[in-house]
Amino acid sequence: MASLGTLNTTPFNPRIRKILAAAAIAGVELSTPSDFKFGETNKQSAYLSKFPLGKVPTLETQDGFHLSESFAIAYYTAERAVTTQKREQLLGSSPEERALIQQWIFFTSLHLEPTINNVCGWRKGYAKYDAEVERSSGEEFKRWLNYMEAAIKGQDWFVKGGTGPSLADIAIGSALYFAFGIYLDQNARNEYPELTAWYKKLKDVAELASIFEGDMIDQRLEEPSTKE
């Protein structure tokens, strides 16, 4: 399988999960440089000449097309699927399906990801604990969870009738990956059985198993042992 191009990133960048998942379903291969160093490589003039904002991840295709923003890269990767069937699975086969997938992508980017960052940040060690942020973000997250729980009820994927996960499922699943591993413990998952069942189904998709590999947390940390 020929490589679509080079995905400039560090190995553990959480933003690349959606890109790798889209590539796996699409049957597209992406190369990743082994010597990429965040804070160094992306500040070099050679990199900035292609990606002026110095953001990561970025994509450089074999024919010299340059693209940044993880959702845009995931979308482009899906567009380059090796078969029409896989492309339509990922991006929709009608104007309505394509619009619905975009709706979920925007929802994930504008609402879901920022809230998850707030509730998971201090638990992952990259943000300070703030009781008010924890309270307000927790309430906000419940709103998004209730919305998704209702939307997925009675169907396999977020696009009803889909033959497999679309880019909507990949976007939501990639955002929820850390939430299920850090925040949504057993008690929380009991409140969202439909969403939890959907996430387990996503993890079981053969092409995605290694990308979404990881355990769900049994009991989350409610507050840090030592507040700063």
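Predicted model: local features only at pLDDT ≥ 70, side-chain atom pairs only at ≥ 80, totals over all residues.
**Exercise 1: two packed helices**

Work out which word describes how helix 6 and helix 7 lie to each other, and which residues meet in their contact.

*Solution.* 

Step 1. Let's begin with what to look for: two packed helices are described by the angle between their axes and the distance between the axes.

Step 2. Find the pair: helix 6 covers residues 131-152, and helix 7 covers residues 167-183. They pack at an angle of about 125 degrees, and their axes are 14 Å apart.

Step 3. Angles of 65 to 115 degrees count as roughly perpendicular and those over 145 as roughly antiparallel. Helix 6 and helix 7 are therefore oblique to each other. Their crossing is left-handed.

Step 4. Now for the residues. Helix 6 brings E134, G138, F141 and M148, which meet I172, L176, A179 and Y183 of helix 7. By type, the residues of this contact are six nonpolar, one polar and one charged.

**Exercise 2: a residue of helix 6**

Decide whether E149 is buried or exposed, and find which residues beyond its sequence neighbours are in contact with E149.

*Solution.* 

Step 1. Locate the residue: E149 is part of helix 6.

Step 2. Buried means under 20% relative accessible area. E149 has 12% relative accessibility, so E149 counts as buried.

Step 3. Set aside the neighbours within four places in sequence; E149 is then in contact with Y192, P193, E194 and L195.

Step 4. Take a closer look at E194: its backbone nitrogen lies 3.0 Å from a polar atom of the E149 side chain.

Terms used: Residues numbered from 1 in each chain as written. Heavy atoms only, no water. Axes fitted to C-alpha atoms, helices over the stretch in contact; angles between N-to-C directions. Helix = DSSP H or I, 4+ residues; strand = E, 2+ residues; numbered from the N terminus. Parallel < 35°, antiparallel > 145°, perpendicular 65-115°, else oblique. Left-handed = near helix turned anticlockwise from the far one by under 90°. Contact = heavy atoms within 4.5 Å. Nonpolar A, V, L, I, M, F, W, Y, C, P; charged D, E, K, R; others polar. Buried < 20%, exposed > 50% of the residue type's maximum accessible area, 1.4 Å probe, protein only. Polar contact = N/O pair within 3.5 Å; in protein donor to acceptor, adjacent residues only side chain to side chain.
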